[in-house]
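Please keep the sequence and the three-dimensional view at hand while reading.

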Amino acid sequence: MTGTTRSSNGLDDRRKRLLFRCWHRGTREMDLILGRFADAEIGNLSELELTELEALLEANDPDLYAAITGDKVLPPDVTGALFARIKAFPITDGDL
């Protein structure tokens, strides 16, 4: 898989922007982690979860990747319940 499998049709502007930002992080690893999560979940996230995702996307890729892999701890304002869901989300689907 090399990119999004979800269309942005039917999403509000905020969700469209977040979907794009999740797939265009700057490092391929974070594109795949956040992009796949966004493909699967963006339409179901609450307003609070969207705000959490926006805050999470402000973290730089090396720090965020290290936090997801367990090598670094990010501040609690970034690593709430949504972060835990992203961390637990399967990042491969057998085609890599």
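A helix, as the word is used here, is a DSSP run of H or I that covers at least four residues, and helices are numbered from the N terminus. The model under discussion is a predicted one.

**Overall composition**

The chain contains five helices and zero strands. Read from the N terminus, its elements follow the order α-α-α-α-α. The chain has 96 residues, of which 40% count as buried. Its accessible surface amounts to about 5400 Å², and carbon and sulfur atoms account for 54% of that area. Contacts between residues at least 6 apart in sequence may also be considered: 65% of them join residues at least 24 apart.

Asp31 lies in helix α2, which spans residues 28–41. Is Asp31 buried or exposed? Its relative accessible area is 9%, so Asp31 is buried, the cut-off for this class being under 20%. When residues up to four places away in sequence are not counted, Asp31 touches Cys22, Trp23, His24, Arg25, Gly26 and Arg36.

**The nonpolar core**

In soluble globular proteins, nonpolar side chains tend to be buried together. In this chain, the largest nonpolar core has 27 residues. The residues with the most contacts inside this core are Leu34, Ile42, Leu53, Leu64, Ile68 and Ile86. Two or more residues are given to the core by each of α1 (13–23), α2, α3 (47–56), α4 (61–69) and α5 (81–88). Which element supplies the largest share of this core? That element is α2, with six residues.

Apart from neighbours within four places in sequence, Leu64 is in contact with Arg25, Met30, Leu34, Leu56, Ala59, Leu74 and Phe83.

| Helix pair | Angle between axes | Distance between axes |
|---|---|---|
| α2 and α5 | about 105° | 10 Å |
| α3 and α5 | about 75° | 9 Å |
| α4 and α5 | roughly 75° | within 9 Å |

For the pair α2 and α5, the axes are 10 Å apart and the angle is about 105°, so α2 is roughly perpendicular to α5. Ile33, Leu34, Phe37 and Glu41 of α2 make this contact with Leu82, Arg85 and Ile86 of α5. By class, the residues in the contact of α2 with α5 are five nonpolar, no polar and two charged.

The pair α3 and α5 packs at an angle of about 75°, and α3 is therefore roughly perpendicular to α5. On the side of α3, the contact is made by Glu49, Glu52, Leu53 and Leu56; on the side of α5, it is made by Ala81, Leu82, Phe83, Arg85 and Ile86. The contact of α3 with α5 comprises six nonpolar, no polar and three charged residues.

The axes of α4 and α5 cross at roughly 75°, and these two helices are therefore roughly perpendicular to each other. Here Leu64, Ala67 and Ile68 of α4 meet Phe83, Ile86 and Lys87 of α5. The residues in the contact of α4 with α5 divide into five nonpolar, no polar and one charged.

How values were computed:
Residues are numbered from 1 along each chain as its sequence is written. This is a predicted model: local features need pLDDT of at least 70, side-chain atom pairs count only at pLDDT 80 or more; totals for chains, interfaces and linings use all residues. Side-chain values use heavy atoms; hydrogens and water are left out. Buried means under 20% relative accessible area, exposed over 50%, partly exposed in between (1.4 Å probe, protein chains only). Contact means heavy atoms within 4.5 Å. Accessible areas come from the Shrake-Rupley method with a 1.4 Å probe; for residues, only the protein chains shown count as cover. A nonpolar core is a set of buried Ala, Val, Leu, Ile, Met, Phe, Trp, Tyr and Cys residues joined through side-chain atoms within 4.5 Å. Axes are lines fitted to C-alpha atoms, for helices over the stretch in contact, and angles run from 0 to 180 degrees between N-to-C directions. Angles under 35 degrees count as roughly parallel, over 145 as roughly antiparallel, 65 to 115 as roughly perpendicular and the rest as oblique. Ala, Val, Leu, Ile, Met, Phe, Trp, Tyr, Cys and Pro count as nonpolar, Asp, Glu, Lys and Arg as charged, and the others, Gly among them, as polar.
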